[in-house]
Amino acid sequence: MITANLQNIKDNIKQYDAELIAVSKKQPDERIDEVLACGHRVFGENRVQEAEARWDQRRNQYPDLKLHLIGPLQTNKVKAACVLFDVIQTLDREKLAREIIKHAPDMPCFIQVNTGDEDQKTGISINELQDFHNFCRDLKMNILGLMCIPPIDEPAGLHFGLLAQNAKQLGLKHLSMGMSNDYSLALEYGATHIRVGSKIFGERIS
Ligand SMILES: *Cc1c(COP(=O)(O)O)cnc(C)c1O
């Protein structure tokens, strides 16, 4: 089942130049091992401690693993995050930028943008994006692009378009957007990184 799911998504996206991030949060070990057995090596996690438990050992076993942090990052977890993760997709404030620079000056990062200006969501607001990007550039951070999670009750395309437009204005090449239900749409809007969990692994267990 999981092998077929993965193959199906890879077939669907093969005409695009996009990285598939298999989101393994809250998934049981045997499902993760099945995806690894297919040769897939790029995974996303949203919590540092949970990810450590799941990947510390497997890291040694699979040296070509690439782990993306896709969930909110507290400054007191940055050190641990920089040890485990290859990419941080949730850079959204100056304090966090300074902390990342301290521990991993070359860490590839996406700036997370709160495109829907939702109070409960992390991410920098569109209004502050340009200044924040300048700030990161002055710190010589390795900013790959922008990431967003659209509000659930609005058309995702609106937000994908907005993110793409902002990335272009800032001269950033990469866009992390699109999840299980909207990754095809995201690719039409230029996503270079899609984050797919349940469509690969099935429902999460919590
Ligand atoms: C959980 C999560 C995903 C994957 O969600 P699915 O709907 O299972 O594909 C993608 N991005 C982020 C930021 C997530 O937290």
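Reply: The answer below starts at a pocket and then follows its surroundings.

This is a predicted model, so local features need pLDDT of at least 70 and side-chain atom pairs count only at pLDDT 80 or more, while totals for chains, interfaces and linings use all residues. Residues are numbered from 1 along each chain as its sequence is written, and side-chain values use heavy atoms, with hydrogens and water left out.

The largest pocket has a volume of about 700 Å³. A pocket here is an open set of points on a 1 Å grid where a 1.4 Å probe fits, with protein on both sides within 12 Å along at least five of seven lines. Its volume is the space filled by probe spheres set on the points, joined across faces, edges and corners. The lining holds 28 residues, each with an atom within 4 Å of a point. Lys25, Ile149, Met179, Arg195 and Arg204 lie nearest the centre. Two elements give two or more residues to this lining: β8 (193–196) and α9. Helices (H or I, at least four residues) and strands (E, at least two) are DSSP runs numbered from the N terminus. By class, the lining has 11 nonpolar, 10 polar and 7 charged residues.

Take α9 next. Ser198 lies in this helix. Ser198 is partly exposed, because its relative accessible area is 25%; buried means under 20%, exposed over 50%, and partly exposed in between (1.4 Å probe, protein chains only). Beyond four places in sequence, Ser198 is in contact (heavy atoms within 4.5 Å) with Ser180, Glu203 and Arg204. Arg204 is one of the residues nearest the pocket centre.

Arg195 leads elsewhere. Among the contacts of Met147 are Arg195, Leu163, Ile111 and Ser176. Met147 sits in strand β6 (residues 142–147). Met147 is buried, because its relative accessibility is 0%. Asn46 is 101 residues away from Met147 in sequence and 14 Å away in space, C-alpha to C-alpha.

The largest nonpolar core has 59 residues, and Leu91, Ile111 and Ile200 touch the most other members. Such a core is a set of buried Ala, Val, Leu, Ile, Met, Phe, Trp, Tyr and Cys residues joined through side-chain atoms within 4.5 Å. Helix α7 (residues 156–170) gives the largest share, 6 residues. Contacts of Leu91 include Ile111, Phe132, Cys136 and Ile143.

In α2 (residues 29–37), Ile32, Val35 and Leu36 are buried. They fall within an arc of 100° seen down the axis, so they line one face of the helix. The arc is taken from the directions from the helix axis to the C-beta atoms. Glu30 and Ala37, on the other side of α2, are exposed. Just after α2, Gly39 takes a positive phi of about 95°.

Two residues other than glycine also have positive phi. Asp117, at about 45°, is in the loop between β5 (108–112) and α6 (126–138). Lys140, near 60°, is in the loop between α6 and β6. Lys140 is exposed, with a relative accessible area of 69%.

Key:
Ala, Val, Leu, Ile, Met, Phe, Trp, Tyr, Cys and Pro count as nonpolar, Asp, Glu, Lys and Arg as charged, and the others, Gly among them, as polar.
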